[in-house]
Amino acid sequence: MAEKKNKYSVLLPTYNEKDNLPLIVWLIVKYFTESKYDFEIIVIDDGSPDGTLEVAKQLEKIYGKDKIVLRPREKKLGLGTAYIHGMKHATGNFIVIMDADLSHHPKFIPEFIKKQKEGDYDVVSGTRYSGDGGVYGWDIKRKVVSRTANYITQVLLRPGASDVTGSFRLYKKEILEKLINACVSKGYVFQMEMIVRATQFGCSIGEVPISFVDRVYGTSKLGGSEIFYFLKGLLYLFATT
């Protein structure tokens, strides 16, 4: 019996990413094509005022509707609902989640896929804090905040992964659906809860060291309020998992 061919659906939630989107899409297409894996890119734009959707429509013309799937929404509605929205239209049996701002390099996607196949992992997570992973372009404050958040989470929740706040991951589609349905967090805490729930549900997690580069164009979204909500969310998860 022939092995079922895998297909990888890349979910790209966007908001004001018109400068980054053409390059990230070109790189995703390049690395999938070179590694000969079947794929599609689902762009979920949340009503960007900078014209991101118009750029996405041009990319759809260039690469074709089978590779670039546009599923826009009228306004910003949160990351979790963006993933749910994107998954409804995903035809792949694996889902890749990543940022559209070039902080996650698509060259790591084939490594994620290789790692997944090695152990038939439910989740493969990119890690900045293991092996030769790292962070580039952050000031000392952001590095301290991220490291501290990661350390506190490790101590309190023992999540089974070295990088809990990262957002560059590969999931089996049915696992991602199950995790999102169980998650209650928003914003910066959402990715952490996903990995904590994965451990809670007994999912197998593989890791690939990645280099994270601060966004090229646009502004970063981590502020004081996000740090507050992260700590609040962390305490909630500590009390409920």
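## Helix packing and salt bridges

R73 is buried, with a relative accessible area of 12%. That comes from a predicted model, so keep in mind that you're looking at computed values.

**Two helices side by side**
- Helix α1 (residues 21-35) and helix α2 (residues 52-63) have axes 10 Å apart and pack at an angle of about 30 degrees.
- Angles under 35 degrees count as roughly parallel, and α1 and α2 are therefore roughly parallel to each other.
- The crossing of α1 past α2 is right-handed.
- On the α1 side you'll find L21, P22, V25, W26 and V29, and they meet T52, V55, A56, L59 and Y63 of α2.
- Sorted by class, this contact of α1 with α2 has nine nonpolar residues, one polar and no charged ones.

**Salt bridges**
- The structure has nine salt bridges, and one of them joins the side chains of K67 and D38 at 3.4 Å, N to O.
- K67 sits in the loop between α2 and β3, while D38 is in strand β2, so the pair ties together parts 29 residues apart in sequence.
- R73 pairs up with D46, with their closest N and O atoms 2.8 Å apart.
- D46 is in the loop between β2 and α2 and R73 in the loop between β3 and α3, 27 residues apart.
- Like R73, D46 counts as buried, at 8% relative accessibility.

- K172 and D120 form a salt bridge at 3.1 Å, N to O.
- K172 is buried at 14%, whereas D120 is partly exposed at 48%.
- D120, D122 and K172 are linked in a salt-bridge network.

How values were computed
Residues are numbered from 1 along each chain as its sequence is written. This is a predicted model: local features need pLDDT of at least 70, side-chain atom pairs count only at pLDDT 80 or more; totals for chains, interfaces and linings use all residues. Side-chain values use heavy atoms; hydrogens and water are left out. Axes are lines fitted to C-alpha atoms, for helices over the stretch in contact, and angles run from 0 to 180 degrees between N-to-C directions. Helices (H or I, at least four residues) and strands (E, at least two) are DSSP runs, numbered from the N terminus. Angles under 35 degrees count as roughly parallel, over 145 as roughly antiparallel, 65 to 115 as roughly perpendicular and the rest as oblique. A crossing is left-handed if the near helix is turned anticlockwise from the far one by less than a right angle, and right-handed if clockwise. Contact means heavy atoms within 4.5 Å. Ala, Val, Leu, Ile, Met, Phe, Trp, Tyr, Cys and Pro count as nonpolar, Asp, Glu, Lys and Arg as charged, and the others, Gly among them, as polar. A salt bridge is a side-chain nitrogen of Lys or Arg within 4 Å of a carboxyl oxygen of Asp or Glu. Buried means under 20% relative accessible area, exposed over 50%, partly exposed in between (1.4 Å probe, protein chains only).
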